[in-house]
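Please read these notes with the structure open beside you.

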Amino acid sequence: GVLAGCADALTRAGREAEIIGMFEAAIATQPVSPEPYAAFARRYLETGQPGPALAVTSQGLARFPADTALLAAQAVAAAAAGDTEIAGILLDFNRLMARIDVAAPTGWKSVAAFNAALAGHVRNHPSIEFAPPEHATRDGYHTGELLLEPMGPIAGLEELIRSAVDKYRDVHPRDPAHPFLARIPDRFGLNIWSIILQQAGHQVPHIHSAAWLSGVYYPQLPPVIGEDDHAGWIEF
C-alpha cells in the first residue's frame, strides 16, 4: 500500500525515526479502510515489537472486525508476544484446519489418472510464468487463473474443491464468537492457480487477503517427499 511504500522510502533515506509518527498520524484520521492499521502492525512486527503490533491490530479490528490482513497480523503478533489466549483462538489449527479425502471426479476412472492429467495440464498451461514478482513463488513456476476455457481436468478439480468446501462447512458450524466462523458464506466463488516448484523452490510467507477459505491440492509430488521428514512441508 501507499503507507508501506512511504515507510520503505523513509528507510532508504535514513529517516526511520519518522515512520512511527507517520503511521500514528494515519490512524488518527479515522481511515475508511483497515490498510493503515495493518501496515502499522507489520512495521512493528518487522522491527521486533510484537506488543505494540498487537495493540494496533486490536485498535484496527475494533473498527474492521472481519479484515483478514489485520487478523493475520494479530495472530502473528499474539504468538510472538506470548499472548496464548488470542493466539490460541486465531491459530486453533485442530479446530480450523481439515484434511479432506477425495474420490475421482466425474468422468475419471481413478484419482491417479485424474492427477496425471491435471499435472500435465498445468505444465502446459499458456499462463505459466517463472517466479512472477507479484506472487509468492520463488524458484518455481506460477500459473494465472485456471478456471478459464479450455479447462480440461480443471473442471474435475473444481468439482473436488466445491465438494470439499461443502464438507468443511458441514463440520464447522457458524460461531458468532469467532472472527472466522462467524462469517461463513452462504455462497462462494473460486480462484484456482497452480505452482510447480524446482529444487529448493518455495512460497514466501503470505496471506490470501480476499479469501474466506484457502486450500491446497497436490496432483504430483517428487520421491524425496517420502524420504525426508521435512521436504515439502507446508507451514501455517
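The points below cover the chain as a whole, then the helices, the sheet and the aromatic rings.

1. Basis. This is a predicted model: local features need pLDDT of at least 70, side-chain atom pairs count only at pLDDT 80 or more, and totals for chains, interfaces and linings use all residues. Residues are numbered from 1 along each chain as its sequence is written, and side-chain values use heavy atoms, with hydrogens and water left out.

2. Overall layout. The chain has nine helices and three strands. Helices (H or I, at least four residues) and strands (E, at least two) are DSSP runs, numbered from the N terminus. In sequence order the pattern is α-α-α-α-α-α-α-α-β-β-α-β. Along the principal axes, the C-alpha atoms fill a box of roughly 60 × 40 × 35 Å.

3. Of the 236 residues, 30% are buried. Buried means under 20% relative accessible area, exposed over 50%, and partly exposed in between (1.4 Å probe, protein chains only). Among contacts with a separation of 6 or more, 56% come from residues 24 or more positions apart. Contact means heavy atoms within 4.5 Å.

4. Helix 2 against helix 3. Helix 2 (residues 19–28) packs on helix 3 at about 155 degrees, with the axes 9 Å apart. Axes are lines fitted to C-alpha atoms, for helices over the stretch in contact, and angles run from 0 to 180 degrees between N-to-C directions. The two helices are therefore roughly antiparallel. Angles under 35 degrees count as roughly parallel, over 145 as roughly antiparallel, 65 to 115 as roughly perpendicular and the rest as oblique. Their crossing is left-handed, a term used if the near helix is turned anticlockwise from the far one by less than a right angle. Residues that meet here include Phe23 and Ile27 from helix 2, and Phe40 and Tyr44 from helix 3.

5. Helix 3 against helix 5. Helix 5 (residues 68–81) packs on helix 3 at about 25 degrees, with the axes 9 Å apart. This pair is therefore roughly parallel. The crossing is again left-handed. Helix 3 contributes Tyr37, Ala38, Ala41 and Leu45 to the contact, and helix 5 contributes Ala69, Leu70, Ala73, Val76 and Ala77.

6. Three strands form an open sheet in the order 1-2-3, with antiparallel pairing. Strand 1 and strand 3 (195–203) are the edges, each pairing on one side only. Two strands pair if DSSP finds at least two bridges between them. Strands 2 and 3 are joined by five bridges. Arg138 stands opposite His202 of strand 3.

7. Aromatic pairs. How many aromatic pairs does a search of the whole structure find? The search finds seven. Rings of Phe, Tyr and Trp (its six-membered ring) pair if their centres lie within 6.5 Å; planes under 30 degrees apart count as stacked, over 60 as edge-to-face and the rest as tilted. Ring pairs also link Trp108, Phe114 and Tyr217 into a cluster.

8. Two pairs to inspect. Phe40 and Tyr44 are stacked, 4.8 Å centre to centre with 25 degrees between the planes. They sit four residues apart in helix 3 (residues 35–46), so about one helical turn separates them. Phe40 is buried at 2% relative accessibility, and Tyr44 is buried at 10%. Phe130 and Tyr141 are edge-to-face, at 5.0 Å and 75 degrees. Phe130 lies in strand 1 (residues 129–130) and Tyr141 in strand 2 (residues 137–142), so this pair ties together parts eleven residues apart in sequence. Phe130 is partly exposed at 42%, and Tyr141 is partly exposed at 33%.
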